[in-house]
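I opened the notebook to record what I looked up in this structure. The entries follow in the order I made them.

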Amino acid sequence: MERKKSNSLTRGEEEIMQILWSLGEANVGTVIDQMENPKPAYTTVATFMKIMEDKGYVARKPTGSSYTYYPLIQKEEYAGRILQTMLNGYFGGSPVQLVSFFADSGAGFTQEQIAELEEIIRNAKE
């Protein structure tokens, strides 16, 4: 099945996608069960899932009198798209500027994290 060109997900849609990625597939009721209180209305989640289907992020298959939804995009692929958009939009496409932002933001890095970053850079050179 070919995916339609996707638009970005809203915060609510991302919450549902996180649940679908975690479970692999689910019906609307199961998604709602996994959500924090206050839980949204059944119709709200069903509408979000239909929108996500129209955007090409999920597909559905009939299960009894309802549908089971499953992701059409892997979490890693979506995260890569979001990160690339953020990198291009806020840091001029520069991973160095991104890391510098975090280093200067007060969040800082532990010595262990610095060692991990150094290892990643060393491996990227090879």
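I took buried to mean under 20% relative accessible area, exposed over 50%, and partly exposed in between. The model is predicted.

Entry on helix H3. I looked up helix H3, which covers residues 42-55 and has 14 residues. From its first C-alpha to its last H3 reaches 20 Å, close to the 20 Å expected at 1.5 Å a residue. Which residues of H3 are buried? I found Val45, Met49, Met52, Glu53 and Lys55. Seen down the axis of H3, the buried residues fall within an arc of 160°, so they line one face of the helix. I noted the general rule that an α-helix has 3.6 residues a turn, so residues three or four places apart point the same way. Then I checked what the buried residues of H3 pack against: helix H1 (11-23), helix H2 (28-34), strand E1 (58-63) and strand E2 (66-71). Just after H3, I found Gly56 with a positive phi of about 90°.

Entry on aromatic rings. How many aromatic pairs are there? I counted pairs with ring centres within 6.5 Å, and the count comes to four. The rings of Phe101 and Phe102 have centres 5.4 Å apart and planes at 75°, so this pair is edge-to-face. Phe101 lies in helix H5 (residues 95-104). Elsewhere, ring pairs link Trp21, Tyr57 and Tyr78 into a cluster.

Entry on a charge. I found the charged end of Arg60 over the ring of Tyr67, 3.9 Å from the ring centre.

Definitions and conventions:
Residues are numbered from 1 along each chain as its sequence is written. This is a predicted model: local features need pLDDT of at least 70, side-chain atom pairs count only at pLDDT 80 or more; totals for chains, interfaces and linings use all residues. Side-chain values use heavy atoms; hydrogens and water are left out. Helices (H or I, at least four residues) and strands (E, at least two) are DSSP runs, numbered from the N terminus. The expected span of a helix is 1.5 Å times one less than its number of residues. Buried means under 20% relative accessible area, exposed over 50%, partly exposed in between (1.4 Å probe, protein chains only). The arc is that of the directions from the helix axis to the C-beta atoms. Contact means heavy atoms within 4.5 Å. Rings of Phe, Tyr and Trp (its six-membered ring) pair if their centres lie within 6.5 Å; planes under 30 degrees apart count as stacked, over 60 as edge-to-face and the rest as tilted. A charge sits over a ring if NZ of Lys or CZ of Arg is within 6 Å of the ring centre and within 35 degrees of the ring normal.
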